[in-house]
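Please look over the structure below before reading the notes. They are grouped by topic, and each point can be checked against the model.

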Amino acid sequence: MGKRSIWLIFSMVVIGFILVGCASEPDESGAEGDGQAQQEGGDLVIATVSDAVALDPAGVNDVPSFDVQYNIFEKLVKHDSDMNLQPSLAKSWEAVDDNTWQFELQEGVTFHDGEPFNAEAVKANIERMLDPEVAAPHSYLLDGVEEVVAVDEYTVQFKTEYPISGLPSNLTHPVGTMISPKQIEEDYAAMEVGENPGSVINENPIGTGYFKFDEWKTGQYIRLVKNEDYWDGTANVDTVTFKVVSEDLTRIAELQTGDSHISNPLSASDVEQIESSEEMYVNEQGSVSLDYLGFNMEMEPFDDKRVRQAISMAINKDQIIDGIANGYAKKAVGPLAPGVVDYMEDLEGLEYDVDTAKELLAEAGYPDGFSATIWTNETRERLDIATNVQAQLQEVGITIDIEVFEWGAYLDEIGKGNHDMFILGWSNSTAEANNGIAPLFHSDNIGPSGNRSFMSNDELDQLLDEGQTEIDEDARFDIYKKAQEILVEEAPVVYLMHKDYLMGVHESVNNLEMLPTKMLLLKDVTIQQ
């Protein structure tokens with residue numbers, strides 16, 4: 001690796017040491033090496049709370065969609081379970097000069113349709129992600145990439161407008177997904193006759209991954225099948241079915257009967273029930289995520305900083321962490337979780353203080369409070385948070401109604417900006433400060449790209465732009481330190497918690513892993529028959 005990427009390697013190693021301590025092993029009933037034979041084959045059924053929104057990686061920016069895509073497609077670079085960067089479709093990379101990253105590609109890899117993976121395929125994919133007509137919501141991670149050059153069949157260079165030391169890490173995000181170039185051509189042809197971007201890809205997504213797409217019954221399930229020609233050793237199970245089961249208790253019942261093997265997610269309030277059963281165990285993974293209560297800063301009264309600060313100070317986060325997350329979370333002070341590069345340990349947040357909250361509301365012209373609505377999707381934990389916040393805000397005179405949406409409709413509606421307040425989470429897929437802040441708060445990303453608070457702050461934008469290009473580690477930390485301080489002061493959201501990821505798992509399942517970014521690693525999973 002080039003000298004300018006040394007800081008990134010060091011940072012990823014540090015994250016690895018931090019996060020590895022957060023993950024717990026399954027209990028003995030599901031632990032590897034319990035004396036039962038490990039067998040290949042079978043249909044792994046994952047009960048999920050929400051269906052994918054789309055299977056085109058350029059079309060969405062949500063975890064339920066990425067969970068499925070992660071097993072169909074691959075990227076040049078990937079994270080291991082300790083969040084260290086590892087080779088994937090690129091076997092090595094280096095910064096050959098300040099504005100050029102070079103990637104050496106794996107040879108002999110083919111897409112599911114038989115098309116070869118090579119430098120031209122990388123070029124086609126990155127150019128598509130950057131295409132304004134495609135409008136990928138996460139294309140900001142490729143900002144500054146001016147040109148992708150196929151040097152030879154298995155060597156590709158990224159030419160950048162300015163130094164981007166974190167580019168390899170950015171490419172672990174779905175923005176770096178590799179789709180069959182033949183399918184990209186077909187998708188563009190469909191766009192020319194009036195179809196939406198991704199219409200062809202959503203019908204039958206074609207990647208290089210260890211599973212291939214088989215069938216999607218919208219609102220019911222998505223099924224993948226083993227890629228028998230996978231370049232790096234085939235998966236153990238024959239098929240994976242992502243089955244939509246919206247009710248938490250129904251997912252647990254399916255675990256008990258064996259109709260499903262994994263409940264993803266598992267509500268913290270159901271951990272005790274899982275642990276008391278011999279048929280199930282809890283998979284726990286520390287995360288670099290953020291759960292938050294967002295404001296629409298373009299809507300009165302949330303356009304007033306004092307109102308946002310008052311609500312932040314009127315909410316007792318410990319009550320939510322202890323009563324709803326059952327302690328499986330860390331209190332959030334700002335937008336970044338411990339373990340994220342450039343996280344500020346001594347950041348001073350808005351502390352719980354009901355009296356000061358009332359004073360701020362009075363200063364803002366709301367001495368008797370006001371009425372507002374919190375939007376959320378159907379996840380039980382988010383509904384519980386909304387109900388808890390509703391009760392807490394009543395103490396400062398704010399009357400809250402709660403409105404619940406189906407997942408896809410929810411993302412669409414809050415992207416349009418018709419809401420007052422909303423509850424959402426952010427999974428920082430690169431474990432870097434820029435990806436933990438810019439998607440949620442940079443004005444370039446207002447709307448579906450992630451900034452659903454509709455925050456627009458010139459000083460913050462400038463800091464985030466500088467941070468993305470700053471190579472010096474100390475200077476970059478100072479930039480993101482200022483950004484975090486601004487975000488506490490401006491309070492575009494209430495930073496609630498950095499929640500552990502929990503799954504309920506049937507005892508027959510072994511070798512299951514989840515990244516701190518929430519992505520499931522399913523290649524090595526086995527089911528005891």
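**Backbone, cores and cavities**

F454 has 9% relative accessibility, which is under the 20% cut-off, so F454 counts as buried. The model is predicted.

- F454 sits in the loop between α14 and α15. Although F454 is not a glycine, its phi is positive, at about 60°.
- D342 is another residue that is not a glycine and has a positive phi, here about 75°. The loop that holds D342 runs between β16 (329–331) and α11 (354–363). D342 counts as buried because its relative accessibility is 11%, and the cut-off for buried is under 20%.
- The peptide bond from N264 to P265 is cis, and its omega is near 5°. P265 belongs to the loop between β13 (262–264) and α8 (271–275).
- E300 and P301 are also joined by a cis peptide bond, with omega about 0°. The loop between β15 and α9 (305–314) contains P301.

**Strand pairing around β12**

- Strand β12 (residues 239–244) runs parallel to strand β1 (residues 43–48), and six bridges join the two. Within this pair, L44 has V240 in β12 as its bridge partner.
- Strand β12 also pairs with strand β11 (residues 221–226), this time in the antiparallel sense, over five bridges. Here V225 has T239 in β12 as its bridge partner.

**Nonpolar cores**

- The largest nonpolar core has 68 residues. Among those with the most contacts inside this core are L76, F103, F158 and F441.
- Which residues does F103 contact, leaving aside its neighbours within four places in sequence? They are L76, V77, A90, S92, W93, Y154, T155, V156, F158, P168 and L171.
- A second, separate core has 39 residues, including A54, F66, V237 and L515.

**The buried helix α14**

- Nine of the nine residues of α14 are buried, so α14 is largely enclosed by the rest of the structure. Among these buried residues are A433, N434, I437 and F441.
- The buried residues of α14 pack against β15 (289–295), β19 (421–427), α15, α16 and β20.

**Cavities**

- How many cavities of 30 Å³ or more does a search of the whole structure find? The search finds four.
- The largest cavity has a volume of about 150 Å³. It is lined by 16 residues, and the closest to its centre are E432, N434, G467, Q468 and Y480.
- Two or more residues of this lining come from each of α14 (433–441), α15 (458–469) and α16 (473–490). Helix α14 gives the most, with three residues.
- By class, the lining of the largest cavity has five nonpolar, seven polar and four charged residues.
- The second largest cavity has a volume of about 70 Å³. Its lining consists of S312, K317, V333, L350, L487, V488, A491, V493, V494 and Y495.
- The elements that each give two or more residues to the lining of the second largest cavity are α16 and β20 (493–499). Strand β20 supplies the largest share, three residues.
- The lining of the second largest cavity divides into eight nonpolar residues, one polar and one charged.

Key. Residues numbered from 1 in each chain as written. Predicted model: local features only at pLDDT ≥ 70, side-chain atom pairs only at ≥ 80, totals over all residues. Heavy atoms only, no water. Core = buried A, V, L, I, M, F, W, Y, C linked by side-chain atoms within 4.5 Å. Buried < 20%, exposed > 50% of the residue type's maximum accessible area, 1.4 Å probe, protein only. Contact = heavy atoms within 4.5 Å. 1 Å grid on protein atoms, 1.4 Å probe; cavity = no way out; pocket = protein on both sides within 12 Å on 5 of 7 lines; lining within 4 Å. Points joined across faces, edges and corners; volume = space filled by probe spheres on them. Helix = DSSP H or I, 4+ residues; strand = E, 2+ residues; numbered from the N terminus. Nonpolar A, V, L, I, M, F, W, Y, C, P; charged D, E, K, R; others polar. Pairing = 2+ DSSP bridges.
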